[in-house]
Amino acid sequence: MLVLSRRIGESIVIGDDVVVTVLEIRGDVVRVGVDAPREVQVRRQELLTEVAEANRGAASPAPDAVAGLSRLISGTRKRPDGGD
Amino acid sequence: MTREHAADPDVPVLEMVRPMIGFPDHRRFALTRLDEAGALCALQSLDEPGLSFVVVPPDAFFEDYRPEVDDAVGADLGIESTGDLLTLVVLTLGESLAETTANLLAPVLVNHRTRRGGQVLLDDPDLPIRAPVAP
């Protein structure tokens with residue numbers, strides 16, 4: 001891993017067009033600004049990890065569970081305004 | 001949830017331009033209804049028949065849920081008007097409805113006109129990944 005020291009207001013440039021700037025340092029929190037082209041997704045790593053875990057837990061449920069849920073939902077969705 | 005669905009020419013095949021997070025190699029999914037009311041749907045991978053997700057339009061469970069779609073996502077999906085957009089949330093099935101949760105942080109957004117879709121990580125850390133669907 002490349003390790004760089006930066007002061008507030010200083011930036012690093014990744015590739016040709018991604019610029020990461022240190023905006024503020026307060027205690028153990030560093031605020032950074034990211035300038036990147038639209039097609040470059042910038043996401044918090046821990047959230048990606050959590051969603052990937054949730055997706056793995058959600059993937060390929062047992063057919064019995066799906067059938068049971070389907071029955072439950074069609075039972076609970078009957079509402080007075082349900083015109084369709 | 002079966003291969004017959006995947007082979008059915010009437011079943012919309014989605015190109016996941018933003019793949020399910022953690023499943024980057026799965027780009028083509030069939031979107032099929034699991035019940036007559038269309039409340040429950042399945043996203044069935046066409047690259048790996050054993051992989052599927054149960055998805056549902058959120059309004060039946062989360063009336064106030066209105067995910068904001070940024071311009072980059074709209075462009076990726078080819079969204080031209082809000083009528084193009086179908087929002088779905090991924091369910092994790094539990095033993096009962098009480099243990100079943102929905103991922104509100106990362107909905108699956110589908111343009112039903114272009115049949116492009118993607119799972120989008122919203123920029124709102126307060127949204128839960130495991131929201132109970134039962135009130």
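User: What makes B:Val133 and A:Ala58 count as residues that B:Leu91 touches?

Analyst: Contact here means that the C-beta atoms, placed from the backbone, lie within 7 Å. Leaving out residues up to four places away in sequence, B:Leu91 touches both of these, along with B:Val54, B:Val55, B:Val56, B:Thr100 and B:Ala102. One caution: this is a predicted model, where local features need pLDDT of at least 70 and side-chain atom pairs pLDDT 80 or more, while totals for chains, interfaces and linings use all residues. Residues are numbered from 1 along each chain as its sequence is written, with chains lettered from A and ligands numbered from 1 in the order in which they are written.

User: Why is B:His26 called partly exposed?

Analyst: Happy to show you! Buried needs 20 or more other C-beta atoms within 10 Å, exposed 12 or fewer, and partly exposed lies in between, with C-beta atoms placed from the backbone. B:His26 has 17, so it is partly exposed.

User: Where is B:His26, and which residues does B:His26 touch?

Analyst: B:His26 sits in the loop between β1 (13-18) and β2 (28-33) of chain B; strands are DSSP runs of E, at least two residues, numbered from the N terminus. Beyond four places in sequence, the residues B:His26 touches include B:Met16, B:Asp47 and B:Leu51.

User: How many residues does each chain give to the contact between A and B?

Analyst: Chain B gives 31 residues and chain A gives 24. Among the elements giving two or more residues to the chain B side are β4 (52-56) and β6 (101-111).

Methods: Contact = placed C-beta atoms within 7 Å. Helix = DSSP H or I, 4+ residues; strand = E, 2+ residues; numbered from the N terminus.
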